[in-house]
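Please look over the sequence and the model before reading the notes.

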Amino acid sequence: MVQIRGYAALHANTPLVPFTFERRSPGPHDVEIEILYTGICHSDLHQAHEDWGPALFPMVPGHEIIGRVTAVGQHVKKVKVGDYAGVGCMVDSCRRCSACEADLEQFCEEGMTLTYNAVARDGVTPTYGGYSEKIVVEERFVVHVPETLDLEGAAPLLCAGITTYSPLRHWKIGPGDKVGIIGLGGLGHMGVKFAKAFGAHVVMITTSPEKGKDAKRLGADEVLLSRDGEAMAEQAGSFDFLLDTVPVGHDLNPYMALLKRDATLCLVGALDELTPALSGGNVIRGRRSISGSLIGGMAETQEMIDFCAQHGIASDVEVVPIQKVNEAWERLAKNDVKYRFVIDMASLRQGA
Ligand code: NAP
Ligand code: ZN
Ligand code: ZN
């Protein structure tokens, strides 16, 4: 076992504090990664605040992890010592079920093992995430990160990136499609970049008028203010696809009215109840669909990372030292970030 320094929430809703814990030494199929950057995902807040039900404490959050490989087991082929590597939201799955066999480990029928706030498949060892100096993960759940990627901006790809890339690919978004991305945070701004890279006409659908100034830089063709009823009515029935990243339960009715006949709204943000209730007419008229999507499988995560390297795509980040993590969490909760906080993990080594 190896002693690791990190930051943890010791209880629900308490600030993160320095925390030391143990990780396994790398086994024959394992990759050991010295963590360089970890993104702060809104899911970190949801889990530490127990928004999604009882959680495991102490909790070391973080599932947008980029680092340098410091050791590999003898059977590892994907990366070698010195390479850059990434770890996302999951570190294991059953590997036998139909979902795992289809490279959709996130839908593992036995349940994927989350990078943190979970128990490893031995049934006893807690998993700890990327707000820490090192991580040891089995090769299947590690991606190779091409050297050409900007590492700070690449960290959020491991969750925000794949969560938006995967549904846009699944619904075959491309030239000729008008796509709306709802909620311009960590996920949303990546959704805009991917939809644009796939050739779609992209509309940022936001509650924050000031984010409109960034539309061009992010790659959006239009900005639609969701609180402007008149502007929403003008665009009714005109979208081929909507990706909804809003992090809390909300009223879907105004968004459903934006869809064309047979078009789909895909939820990735809200896990809780969507209120007020959806009017049946909003789905029946126009044969519209509501769907959802969960991160992406490991093969698709590698495909997404390679796509980003080829097309020069990365997240727009504000880099913070780990000592400022609680401040960053407070700002994220207040929707005050453009567009993703990333922790520079060198601060953990220097500050300790
Ligand atoms: P984020 O950075 O906080 O962005 C969310 C955005 O939604 C905000 O920037 C804001 O955009 C908008 N928003 C916030 N509160 C709102 C409200 N009450 N009503 C309407 N819009 C609101 O969060 P994130 O990290 O992108 O994560 C978004 C959600 O996705 C979280 O719930 C997270 O847990 C979830 N998630 C899901 C998956 C998955 O696999 N499905 C993966 C990762 C994260 P505007 O200012 O533009 O309105
Ligand atoms: Zn996440
Ligand atoms: Zn499985």
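**Notes on the model**

1. The site of the zinc ion (ligand 3) is tetrahedral, with angles of 103 to 119 degrees among its four donor atoms. Four donors count as tetrahedral if all angles lie between 85 and 135 degrees. Donors are N, O and S atoms within 2.8 Å of the metal (3.2 Å for Na, K and Ca), and sites may look incomplete because water is not among the atoms.

2. This is a predicted model, in which local features need pLDDT of at least 70 and side-chain atom pairs count only at pLDDT 80 or more, while totals for chains, interfaces and linings use all residues. Residues are numbered from 1 along each chain as its sequence is written, chains are lettered from A and ligands numbered from 1 in the order in which they are written, and side-chain values use heavy atoms, with hydrogens and water left out.

3. Which residues hold the zinc ion (ligand 3)? Its protein donors are the SG atoms of Cys94, Cys97, Cys100 and Cys108, at 2.3 to 2.4 Å. Along the sequence these donor residues follow the pattern C-x2-C-x2-C-x7-C. Cys94 has a relative accessible area of 7% and Cys100 one of 2%, so both count as buried (under 20% relative accessible area; exposed is over 50%, partly exposed in between, with a 1.4 Å probe and protein chains only).

4. The zinc ion (ligand 2) is coordinated by Cys41 (SG), His63 (NE2) and Cys159 (SG), at 2.0 to 2.2 Å. The spacing of its donors along the chain is C-x21-H-x95-C. His63, in the loop between α1 (42-48) and β4 (65-72), and Cys159, in the loop between α3 (151-154) and α4 (160-170), are 96 residues apart, and the pair links distant parts of the chain. Helices (H or I, at least four residues) and strands (E, at least two) are DSSP runs, numbered from the N terminus. His63 and Cys159 are both buried.

5. The whole structure has two cavities of 30 Å³ or more. A cavity is a set of points on a 1 Å grid over the protein atoms alone where a 1.4 Å probe fits but cannot get out; lining residues have an atom within 4 Å of a point. Points are joined across faces, edges and corners, and a volume is the space filled by probe spheres set on them.

6. The largest cavity holds about 60 Å³ of space. Its lining includes Gly88, Cys89, Leu158 and Met298.

7. The second largest cavity holds about 30 Å³. Among its lining residues are Leu56, Pro58, Asn117 and Tyr128.

Note on methods. On a 1 Å grid over the protein atoms alone, a cavity is a set of points where a 1.4 Å probe fits but cannot get out, and a pocket is an open set with protein on both sides within 12 Å along at least five of seven lines; lining residues have an atom within 4 Å of a point. Four donors count as tetrahedral if all angles lie between 85 and 135 degrees; four count as square planar and six as octahedral if opposite donors are over 155 degrees apart and all others between 65 and 115; anything else is irregular.
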